[in-house]
Amino acid sequence: MKQHNSYGDDWAGLSTGQWIALGAGVAGLALLASSRREPRGRRREALKTPGAVRVERVTTINCPIYEVYDFWKRFENFPKFMRHLVSVESLPNGRSRWRAKGPAGMTVEWEAELLEDRQGEWIAWRSVEGSGIQNSGSVRFSPAPGARGTEVRVQLQYNPPAGSVGRGIAWLFGEEPDQQIHHDLHRFKQLMETGEIPLSDGPSLLRAARPADPETIRNLAGVEE
Amino acid sequence: MKANCWYGTRTLKIDDVPEPKILNARDAIVKITSTAICGSDLHLYNGFVPTMKRGDILGHEFMGEVVEVGKGVKNLSIGDRVVVPFPIACGHCAQCEREMYSLCENSNPNAWMAEKLWGYSPCGIFGYSHLLGGYAGGQAEYARVPFADIGPLKVPESLDDDKVLFLTDIFPTGFMAADMCGIQPGDVVAVWGCGPVGQFAIKSAYMLGAERVIAIDRFEYRLRIAAEKAGAETINYEQQDVQETLKEMTGGRGPDHCIDAVGMEGHGPGLLGAYDKVKTVMMMETDRAYALRQAILACRSGGTVSVAGVYSGFIDKFPMGAIVNRSLTIRSGQCHVQRYMRPLLERIERGEIDPSFVITHRMRLEDAPHGFDIFNKKEDECLKIVLKTH
C-alpha cells in the first residue's frame with residue numbers, strides 16, 4: 001500500500017484551506033527547520049560512504065532501565081513497534097534472522113549478529129557478512145535525571161547495495177529515515193508506558209475519524225493485534 | 001448509529017456510521033445519553049483548525065453508560081454511568097504522573113503532525129482534528145473511549161445528566177483558568193468572553209476567593225447571564241472602552257488577574273480588530289488575538305493573564321513589552337480535566353454550584369447542524385446546547 005511509504009506523504013491529504021492555514025506558520029517554522037537540518041547533514045557527511053544512511057534518535061521512557069533493556073534485549077519484540085518489520089527470530093550463537101516488508105509485497109531478509117551486550121547500558125548488532133544487506137544498529141540506555149525514567153538512544157545505519165535489494169532496504173527505512181525511527185520510538189514508548197499502542201479511528205489523514213472494523217484500523221496504523 | 005460529521009467549513013451532516021468496537025485492551029464503549037456542542041467546536045466548524053478530514057465525527061463533551069470494556073479495564077463495569085474527560089490520557093507517562101493530563105505523551109497516535117506545528121505533541125482529543133489524534137468524537141450514539149481505566153468518572157444516579165455533563169470540559173476548563181491565576185483574598189478578576197467557559201471562570205474565581213469579578217463581552221444576553229447567574233459586574237466592549245472602564249472600576253490599579261475565555265476567533269473594535277480580521281481572512285495570521293492583547297494591556301503590573309481560550313497557531317502584535325516591563329505572568333493550557341473532575345463533582349454534590357445554569361437549548365442529536373448554526377451566529381440567545389441521544 002503506497003500510503004505506508006512515508007509519514008510525510010500524509011500531508012498531501014490536507015485541503016487547500018488547511019495548507020494555507022498551516023502556511024501562515026511556515027515562516028516561523030522555517031527557522032526551526034533550518035537549525036534542525038544542520039546536525040543531520042553533518043552526521044551524513046561524516047560517514048564518507050556514498051549513499052550510506054545513519055540516523056540517531058532519542059526518547060525518554062518513564063520506566064526503570066532494566067525493564068526497558070529487557071524488552072529491547074529480546075529482538076523478537078521489535079516488530080511490535082517497528083512498523084516495517086515482520087519478524088525477528090533468535091538463532092543460536094547470538095544470531096537472529098530479520099524479515100521485513102518490502103515494496104510490492106516483497107519480503108526482505110537478513111541475518112544479524114549481536115556485537116555487544118552490556119547489561120542495562122548498551123546493545124549493538126549488525127548484519128552478518130554475506131547477508132546482502134549491510135546494516136547495523138545500537139541502543140544506549142541511561143538514567144534520565146531526576147528519576148524521570150530511562151533515556152533510550154537508538155542509532156541505525158545501512159549502506160544500500162545496488163539493485164533491487166538496495167531499493168528494498170531504502171524503502172524499509174522510508175523516505176525520511178529520521179522520521180521513521182522517531183515514529184517507531186514513539187510506539188516503543190507507548191508500548192512500554194501504557195502496555196499498548198493506542199489506535200485512533202483516523203490514523204494520520206488516511207481516513208475520516210469514524211469507527212471502522214478493527215482490522216482496517218490496524219492495517220492502516222501498521223499495528224499488530 | 002447516527003453521528004454528527006464535519007464536511008468542510010460550516011458544513012455538517014448527520015451520517016449513519018458503524019458502531020465503534022474495542023480496538024485496544026484499555027478501551028471502553030460508551031452508549032451516549034447526553035453530549036454537548038463546545039465553543040471550541042466552532043473553531044473546527046469555521047475552518048480554523050487544520051487536519052480535519054471530511055466525515056470526521058465531532059464532539060468531545062459526552063457522557064453515558066458503559067456497554068463494553070476491553071480486557072485491560074478493571075475499574076469500570078457494564079452499566080456504569082460515566083462522564084468522559086475530553087483529553088485522552090494514558091495515566092502512566094511522566095506528564096500524566098504530574099497530573100498534566102492534557103500533555104499525555106502517549107495518547108496521540110498522530111503526534112508527528114502536532115510536532116510539526118507545535119514542537120511537541122499534546123494529548124489526543126475526541127473529535128478534534130487529526131493533528132490531535134483523529135479520534136471519532138462524541139456527538140454520536142456511541143463512542144469508543146481509549147484508556148478508559150484512567151479518564152471516565154462514575155457519577156451518582158442522584159445527579160441528572162445536565163448537572164454533571166459539563167465535568168467533561170467547560171466547568172473544569174473555566175475552573176482551571178481561575179486556578180491558574182493564584183487568586184488571593186481581595187483580588188479582582190476580569191474575564192474576557194461570557195460564553196460557557198467564561199461563565200464557569202467567573203463562578204470559579206468567586207469559589208477560589210476573588211472579591212470581585214468583571215466580565216467583558218458584546219452580547220447583552222451573555223452579559224446578563226454573567227451578571228444574574230454568575231454574579232459578575234459587566235462591561236460591553238462595544239459600548240465602553242474596556243481599558244478605561246477597568247481602570248476606573250479598580251481604582252486605577254487594573255484587575256489583578258485577567259482571563260481570556262475567548263480564544264482565536266475574537267472580535268475587536270477599531271484598527272487592531274480590523275487588522276486581525278484582514279490578516280486571518282488572508283491567512284497571514286491563523287488566530288485573531290484581540291481579547292488576549294487587551295487582557296495583557298489591562299492587567300495590573302505583576303498580575304496574571306490566564307488563557308483558557310483556544311489558540312491553534314500564530315498571532316501578531318503580541319505585546320511582549322508589556323509582559324516584560326510589567327512583570328506579568330502568562331499561564332495557559334488545555335484543561336487537565338482528570339485532575340479537576342472529582343473535586344468539582346464534590347462541589348456539585350454539596351450544592352455549591354449547579355452547572356446546568358449555562359444551558360439555553362436542548363435538542364436531539366439529529367438537530368446538531370442547526371444547533372451549530374445558531375450557536376455560531378449567537379442567535380436565539382444561544383449559550384449552550386445539549387444534545388440528547390438515547
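Two residues are in contact if their C-beta atoms, placed from the backbone, lie within 7 Å. The model is predicted: local features need pLDDT of at least 70, side-chain atom pairs count only at pLDDT 80 or more, and totals for chains, interfaces and linings use all residues. Residues are numbered from 1 along each chain as its sequence is written, while chains are lettered from A and ligands numbered from 1 in the order in which they are written.

Q: What is the average pLDDT of chain B?
A: pLDDT is the predictor's confidence in each residue, from 0 to 100. The model scores ipTM 0.92 and pTM 0.89. In chain B, 96% of the residues score at least 70, and the average is 95.

Q: What radius of gyration does chain B have?
A: The radius is taken over C-alpha atoms, and the globule rule is 2.2 Å times the number of residues to the power 0.38. The C-alpha trace of chain B spans about 60 × 50 × 45 Å along its principal axes. For 390 residues a compact globule would come near 21 Å; chain B agrees, with 20 Å.

Q: What percentage of the residues of chain B count as buried?
A: A residue is buried if 20 or more other C-beta atoms lie within 10 Å of its own, exposed if 12 or fewer, and partly exposed in between; C-beta atoms are placed from the backbone. Over the 390 residues of chain B, the buried share is 58%.

Q: How many helices and strands are there in chain B?
A: Both are DSSP runs, numbered from the N terminus: helices are H or I with at least four residues, strands E with at least two. Chain B has 13 helices and 18 strands.

Q: Why does B:Val242 count as buried?
A: B:Val242 lies in helix α8 (residues 242-249) of chain B. Leaving out residues up to four places away in sequence, B:Val242 touches B:Ile216, B:Ile235, B:Tyr237, B:Gln294 and B:Ala298. B:Val242 counts as buried because its C-beta neighbours inside 10 Å number 21.

Q: Which element gives the most to the side of chain B that touches chain A?
A: The contact takes 46 residues from chain B and 41 residues from chain A. At least two residues each come from β4 (56-57) and α3 (111-118) of chain B. The element that gives the most, with 3 residues, is α3(B).

Q: Which element supplies the largest share of the side of domain 1 of chain A that touches domain 2 of chain A?
A: An automatic or database domain assignment sets the bounds: domain 1 is 51-194 and domain 2 is 197-225 in chain A. Here 8 residues of domain 1 are in contact with 4 residues of domain 2. α4 (78-81) and α6 (177-194) of chain A each give two or more residues to the domain 1 side. The largest share, 4 residues, comes from α6(A).
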